[in-house]
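Here is a short briefing on helix packing. The sequence and the model come next.

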Amino acid sequence: MASDQHVSGDDSLDVAMRIREEIARRHITRQQLADDARISLSTLEKALSGRRPFTIATLVRLEEALGLSLRGRPD
C-alpha cells in the first residue's frame with residue numbers, strides 16, 4: 001500500500017475521533033502531537049476536522065507518536 005494513499009472517509013472520521021480522545025486523555029495540545037508526529041499542525045487540524053482524509057504516512061507517524069494502533073485490522 002502506498003504511503004500517500006488516503007484512508008476512507010468513514011475510517012478517517014473514526015481515526016480522528018480516537019486521536020481527539022487521546023489528546024484529551026493525555027492532556028496534550030494538538031501542536032504537541034503534531035510536533036511529536038513530525039507533521040504540520042495544519043495537516044493534523046484538517047484531518048481532525050474532516051476536511052482532508054488521513055494518509056497512511058500520516059497515520060503511521062501519529063501511531064508512532066501516540067504509541068498505539070489507529071488503524072483497523074488489515075484486510
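Helices are DSSP runs of H or I with at least four residues, and strands are runs of E with at least two; both are numbered from the N terminus. The model is predicted: local features need pLDDT of at least 70, side-chain atom pairs count only at pLDDT 80 or more, and totals for chains, interfaces and linings use all residues. Residues are numbered from 1 along each chain as its sequence is written, and side-chain values use heavy atoms, with hydrogens and water left out.

**Helix α4**
- Ile 56, Thr 58, Leu 59, Leu 62, Glu 63 and Leu 66 are the buried residues of α4 (buried: under 20% relative accessible area; exposed: over 50%; partly exposed: in between; 1.4 Å probe, protein chains only).
- Seen down the axis, these residues fall within an arc of 155°, so they line one face of α4; the arc is that of the directions from the helix axis to the C-beta atoms.
- The cover over them includes α1, α2 and α3.

**Helix α2**
- α2 spans residues 30-37, with Leu 33, Ala 34 and Ala 37 buried.
- They cover an arc of only 100° around the axis, which puts them on the same side of α2.
- The buried residues of α2 pack against α1 (9-26), α3 (41-49) and α4 (56-66).
- Arg 38 follows α2, and its phi is positive, near 60°.

**Ser 12 in α1**
- Ser 12 is found in helix α1.
- Its relative accessible area is 5%, so Ser 12 is buried.
- Leaving aside neighbours within four places in sequence, Ser 12 is in contact with Val 7, Arg 52, Pro 53 and Phe 54; contact means heavy atoms within 4.5 Å.
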